[in-house]
Amino acid sequence: MTDAAQYKTSEVDRLTSMMSDSPVIGVISVDGIPGPQLQGMRGLLRGKADMRVTKRTFLRLALQQVSGDRKGLDKLSDLLDGQVALVATDMNPFKLNKILEGTVTPTPAKGGETAPDDITIQKGDTEFKPGPIVGDFQKAGIPAAIEGGKVVVKKTVTPVKAGEPIPRDLAVML
């Protein structure tokens, strides 16, 4: 059996050190967060907390190593789903949460993602000129027609409810 690559053991050691040296540890999901927003989060945390985006396997190994010294950390392994980051700090966890919540900004919908809220398309005029886009609207489940030289949504619809996956056709139209 071969030994693990040096960078892998170094990463696990770094994560273990972060968890051992900080009284407050958090695991946050960074799935689907665009790079500029992630950099903004890091900027807000600079000097207050360390944030490390890493592989879940490395984080699980580090949690196993530290869980004997600190009760409750082993339960964080259950939260490792998707792309995650480890946050280690000595600040109040509620203040940390407030900082992180302050970085939330709406982003365009992407096909296949889970909708955080209901997606509602309001009845009325659109910016689109008449053409094949009317068929694209209808394919995405949005009733549309051409009226007065404009594409018009005929009635208010909610094609996706909170927690449902966003269809790719609809994401393109949004």
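Mentor: This is a predicted model. We can start with Lys129, which lies in the loop between strand E5 (124-125) and helix H5 (133-139).

Trainee: Which residue is 20 residues apart from Lys129 along the chain, with the C-alpha atoms separated by 7.0 Å?
Mentor: Lys129 sits in the loop between strand E5 and helix H5. The C-alpha atom 7.0 Å from that of Lys129 belongs to Gly149.

Trainee: How do the rings of Phe128 and Phe137 pair?
Mentor: The count of aromatic pairs comes to one. The ring centres of Phe128 and Phe137 are 5.6 Å apart, and the planes stand at 70°. Planes over 60 degrees apart count as edge-to-face. The pair of Phe128 and Phe137 is therefore edge-to-face.

Trainee: Which relative accessibility does Phe137 have, and is Phe137 buried or exposed?
Mentor: Phe128 is partly exposed, with a relative accessible area of 35%. Buried means under 20%. Phe137, at 4%, counts as buried.

Trainee: Where is Gln37 found, and which residues does Gln37 touch, leaving out those up to four places away in sequence?
Mentor: Gln37 is part of helix H2 (residues 35-45). At 15% relative accessibility, Gln37 counts as buried. Beyond four places in sequence, the residues that Gln37 touches are Thr103, Val104, Thr105 and Thr107.

Trainee: How many helices and strands does the chain have, and in what order do the elements run?
Mentor: The secondary structure comes to six helices and eight strands. From the N terminus, the order is α-β-α-β-α-β-α-β-β-α-β-β-β-α.

Trainee: Why is the chain described as more spread out than a compact globule?
Mentor: The globule rule gives 16 Å for 174 residues. The C-alpha atoms fill a box of roughly 70 × 45 × 25 Å along the principal axes.

Trainee: What share of the contacts with a separation of 6 or more comes from residues 24 or more positions apart?
Mentor: Contact here means heavy atoms within 4.5 Å. Among contacts with a separation of 6 or more, the share from residues 24 or more positions apart is 73%.

Trainee: How far apart do the centres of the positive and negative side chains lie?
Mentor: The chain has 23 positive and 21 negative side chains. The distance between the centres of the two sets is 3 Å.

Methods:
Residues numbered from 1 in each chain as written. Predicted model: local features only at pLDDT ≥ 70, side-chain atom pairs only at ≥ 80, totals over all residues. Heavy atoms only, no water. Helix = DSSP H or I, 4+ residues; strand = E, 2+ residues; numbered from the N terminus. Rg over C-alpha atoms; globule rule 2.2 N^0.38 Å. Lys, Arg positive; Asp, Glu negative; His and termini not counted. Charge placed at Lys NZ, Arg CZ, Asp CG, Glu CD. Phe/Tyr/Trp six-rings, centres within 6.5 Å; stacked < 30°, edge-to-face > 60°. Buried < 20%, exposed > 50% of the residue type's maximum accessible area, 1.4 Å probe, protein only.
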